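Hi everyone, thanks for coming.

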Amino acid sequence: MLQCIFLLSDSGEVMLEKQLTGHRVDRSICGWFWDQSISQGDSFKQLPVIASPTHYLFQVFREGITFLACTQVEMPPLMAIEFLCRVADVLNDYLGGLNEDLIKDNFIIVYELLDEMIDNGFPLTTELNILQEMIAPPNIVSKVLSVVTGTSSNVSDTLPGATSSCVPWRTADTKYAQNEVYVDLVEEMDATINRDGALMKCEVYGEVQVNSHITGLPDLTLSFTNPSILDQVRFHPCVRFRPWESHQILSFVPPDGQFKLMSYRVRKLKSTPIYVKPQLTSDGGTCRLNVMVGSRNDHGKTIDSVTVQFQLPSCILSADLTSNHGTVSILADKTCTWNIGRIPKDKAPSMSGTMVLETGLERLHVFPTFRVGFKMMGVALSGLQIDKLDLKTVPYRFYKGFRAVTRAGEFEVRS
Amino acid sequence: MAPPPAHPQRSPSPSQPSGKSEVTDLRSQLRQLAGSRAPGADDAKRDLFKKVISNMTIGIDVSSLFGEMVMCSATSDIVLKKMCYLYVGNYAKVNPDLALLTINFLQRDCKDDDPMIRGLALRSLCSLRVANLVEYLVGPLGSGLKDNNSYVRTVAVIGVVKLYHISASTCLDADFPATLKHLMLNDPDTQVVANCLSALQEIWTLESTSSEEAAKERETLVSKPVIYYLLNRIKEFSEWAQCLVLELVAKYIPSDNSEIFDIMNLLEDRLQHANGAVVLATSKVFLHLTLSMADVHQQVYERIKAPLLTQVSAGSPEQSYAVLSHLHLLVMRAPYIFSSDYKHFYCQYNEPSYVKKLKLEMLTAVANESNTYDIVTELCEYAANVDIPIARESIRAVGKIALQQYDVNAIVDRLLQFLEMEKDYVTCEALTNTKLESSSMQVLVKDLLRKYPQWSQDCIAVVGNISSKNVQEPKAKAALIWMLGEYSQDMPDAPYVLESLVENWDEEHSAEVRLHLLTAVMKCFFKRAPETQKALGAALAAGLADFHQDVHDRALFYYRLLQYKVSVAESVVNPPKQAVSVFADSQSSEIKDRIFDEFNSLSVIYQKPSYMFTDKEHRGTLEFSDELANLSINAEAGDSAVPAQRVEANDNDLLLSITEKEEGRDAASNGSAYSAPSYDGASATSAASQSLADLAFSSTSGSGQAPASSFAIDDLLGLDFSVGAAATPSPPPLSLNPKAVLDPGTFQQKWRQLPLSLSEDFSLSPQGVAALATSNALLRHMQSHSIHCIASGGQSPNFKFFFFAQKAESASIYLVELLINSSSAKSQIKIKADDQSTSQAFSTLFQSALSKFGTA
């Protein structure tokens, strides 16, 4: 049972305070928390669960904003953290981003949202679709609408139908002129390559994102051609479990609009679409660095937005790095970023240069980890393929669209 | 003297000089708009309201606008209404009289046609939390519970809990709990059902301390029909409500095995849920249901493993942290379950360090014969990491794995590689990263050598090459010196290194290093006497002159030993070595079991059972089998004495966890400052705690236990006089055993069993109060009077002590509870005794001892 929620800006200022129970939590707790996180250095390093002298604090840090919840009661910690994450997600969707100014400009909306999301310290609903029906998001459409119609209320005056329907995530009476469903496979590749170039770990985390605009109460089924590769699946509450267990078919009544249908992981992949080969040699106080990047190109798709990023060890005084393709930049905190963009067909991009070590240091003993970013449109690297999408119960024709994209997740190359 | 009541309007703080004028500005604008029905007035009002609320949010006190705000609130605009509700909810408590003004329009809104407005109004009405307005709540709540819109009903159900907290009797008189129960079992809307469940749990748990009936009602919540009813509908519940239901199911004890399997089959798909809280709550149900069936329990581990690992890798770092804490608990109980999944715990480069740290702990815990090589290889990668604390942690982890006896060859090789890495560094200047790393590692190498003497030869070659000058950290230095002494026969220059260290004795600041140096020189002496003799003489001389007591004593001890007989000294300093088989584990299995019982709670994160860090009062409303509640040391305290009750709640913790007293105290002190957190003793004079203290005192005297506090003072003064005048001639009528011993468990048991034989209130001398500020001063003082302290706690101004004493030449024990309020200089003692007849005499003795406190 949470007693209070605070939103703090990145300077420690209380932007919002929402008391949830009869026991008021004094604001001074935020001061204590802030002193604590300053003494820890980076607030990102602060533990998510902290015991203050008077309360237990849960904190989630997103985009410079700290979501802080207080309780004095024993409760499942994951529930509190999970809830704060949801609050952050919902605010992100509502305000079209998450930063100090947005929160301050829309604090009334944030209050309204929190009011509906949690009462007496217990979470009620965090389903975005339902909240959107209760409180209209402050987007341009609603602003234009308010100017045209003259009613400037951002609160719909009817209650969401879902609160009374048997499918809690959907209203019974949605109507669309054009019925359409878009299914996106969004994948992230996590890989670790050790200093010998061997693939230590390579797996894909994927999400099936659905955007559905269908009239009435549709019943959809989605099936894959190769569901057996999926590991660790998690479903949106709308997915029925039995059909999945017996036939690996996703059967569900979709919420209206955009939602995450399922997430999955595919393990033990054999190769990465891109290779990054760093070489570090050091002697006599200088260190030579050479990084080669290339495409393995067995997918036939181009690789976009390629970046290589690494942290220069603190014992390096200066670095002079150049590349034959793209740009190299070194920030004040010794983060070096090499922006390659699209990998050219005719040559292999490489970055090389020398780094000067601290005086007295002969050789480099700390080896940086190179983090690689890339994006590939039109391909799901896990190999997952959608077989078909069917609509039952509603006799409409509808438009189906499928897309796939793969990005680099935690793609690390050790040197 | 009670402090003057806080002025409702605080003066604006200097940092917001414009605050006050802005507020007056707003007031006049609000007044102008109050009666206006002009078109556009609502928009203007909305801007104004927004300003007021933004002022409220940044902490400026705008409560003085209450009247104007209420006047402006007659509107049909729902946003205005919401803002107004927000404002009213925030300030009603400080303006109870003005809050009455809002009742009217809130009650009207409760009858609005729009269910949204009905709900909002009802929620705000219940959030006013003003005690003298409860009569207006009952009506709207009653109709809210019967409303045909489920939204209003959900709000009303929570409203009942709020009402209960304002005035329990009103809530019970209106028979709301029964209505809730009916709703819970019959309402078509699952959110209403879930809210009823949480409301009933809260109300009955609080009520059950005083009422048998409520306790029975609370039990029915975990009865078969209710549980089955909830389980059958579980898929309709929202994810948060599912957590609530699952938490309840975990308490349910099924009658036979088939029931257990039914429940598990029903809940199996919950493990696939996207919400981590649901997954973890389901895991808890599974684990608890199968506790008695060992083989199924093992299968459950296998079953929940994958979903939990998913949570680790899919969620945000914060979520991973919470899940990893639970995995750590599981792996402690069943280390093999994750032994093939160790790759899940490999660290990613940009994870926050709290996650990395837990992952390293997991890797250490899952290491076994088959995976040690891979894990150690991975850990070594981190050792060259840019993140220094993690690099250190990972080397430590390598050492820990080595101590678990798996594949030692590979690991010792690895560790030696680190040392060689260091070797290159030795030539380099100051403190570099790797040096820090290897210093922590040397400590480990030492531990390793203690365990695997056969490896010493290899290590010595490496260690011998490390120049001690380059090792800075005391722990590492001590480890290095230990090795020098231990293996001096194999290291050609050991005596000379030691000699140079002895020469720089004065520059060595750490006593630990000096102690090790003394011993090492001694050891070296017995192995290579001619070379070490000079160094030994110098070391003993320096040691004898050392200002540190331990160093001095050890030098003296060695000196005398050598004087007595060299062979004896050798057998003392250089006994035959035995390998250390296991290093003691830090946590007892009992505590681990206890934490396991509290799966899916904060206990797991802190790795402590909840009684060690939470107040009893604040322990979850779901705490059904609370054995600790049975302890109830002071059942006689009235419910009204809120602060006293809190102190009491802490007692159990104090008694139970004397060793953890330090940690416990932070949490235990919660009670003394609910709304005004006092982070240090400096707040002793704060008005809030002062008034609390006064309240505590008046309530104890109200209960009729202190009819003669002034009498007690006279008595005390007289006593003081007589004791002072005739200190030696007449021995006290009662003499105590100065070496009495009593373990906390027995104390607790006795305290529970024995009747209260005496309770007195009296005042403390000002010197005594002043002396309280020094920690433990009172304990030492009382000990000098043969009265021993077993537990103490509290925060200024309220302190609490438990003492015991034993009658000389008798087994009769006296137990004392002493409450001291330092701001009012009052104290209260409660005495329980084996021998009731002498308790008055003991009380006199105790008080006379106490009265002398601070005067000496």
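Before we look around, please keep in mind that this is a predicted model.

Let's begin with a pair of helices. In chain B, helix 29, covering residues 549–564, packs against helix 30, residues 566–573, at an angle of about 135°, and their axes are 6 Å apart. How are helix 29 and helix 30 of chain B oriented to each other? Angles over 145 would count as roughly antiparallel and 65 to 115 as roughly perpendicular, so helix 29 of chain B and helix 30 of chain B are oblique to each other.

Who makes that contact? From helix 29 of chain B we have Phe557(B), Tyr558(B), Leu561(B), Leu562(B) and Tyr564(B), and from helix 30 of chain B come Val566(B), Val568(B), Ala569(B), Val572(B) and Val573(B). By class, the residues of this contact are ten nonpolar, no polar and no charged.

Now let's turn to where the chains meet. Here 110 residues of chain B are in contact with 100 residues of chain A. Together the two chains bury about 9200 Å², with 56% of that on carbon and sulfur atoms.

What about charged pairs? Side chains of opposite charge can pair when their charged atoms come close. Seven salt bridges are found across the interface of chain B and chain A. One of them joins the side chains of Lys162(B) and Asp119(A), at 3.1 Å from N to O. The same interface has 15 residue pairs in polar contact. On the side of chain B that touches chain A, helix 2 of chain B, residues 41–58, gives the largest share, with eight residues. That side of chain B has 46 nonpolar, 39 polar and 25 charged residues.

Finally, let's zoom out. Over all chains, the whole structure has 34 salt bridges. Among them is the one between the side chains of Asp219(A) and Arg240(A), also given as 3.1 Å, N to O. Asp219(A) sits in strand 10 of chain A, while Arg240(A) is in the loop between strand 11 and helix 7 of chain A, 21 residues apart.

Terms used
Residues numbered from 1 in each chain as written. Chains lettered and ligands numbered in written order. Predicted model: local features only at pLDDT ≥ 70, side-chain atom pairs only at ≥ 80, totals over all residues. Heavy atoms only, no water. Axes fitted to C-alpha atoms, helices over the stretch in contact; angles between N-to-C directions. Helix = DSSP H or I, 4+ residues; strand = E, 2+ residues; numbered from the N terminus. Parallel < 35°, antiparallel > 145°, perpendicular 65-115°, else oblique. Contact = heavy atoms within 4.5 Å. Nonpolar A, V, L, I, M, F, W, Y, C, P; charged D, E, K, R; others polar. Buried area = accessible area lost by both parts, 1.4 Å probe. Salt bridge = Lys/Arg side-chain N within 4 Å of Asp/Glu carboxyl O. Polar contact = N/O pair within 3.5 Å; in protein donor to acceptor, adjacent residues only side chain to side chain.
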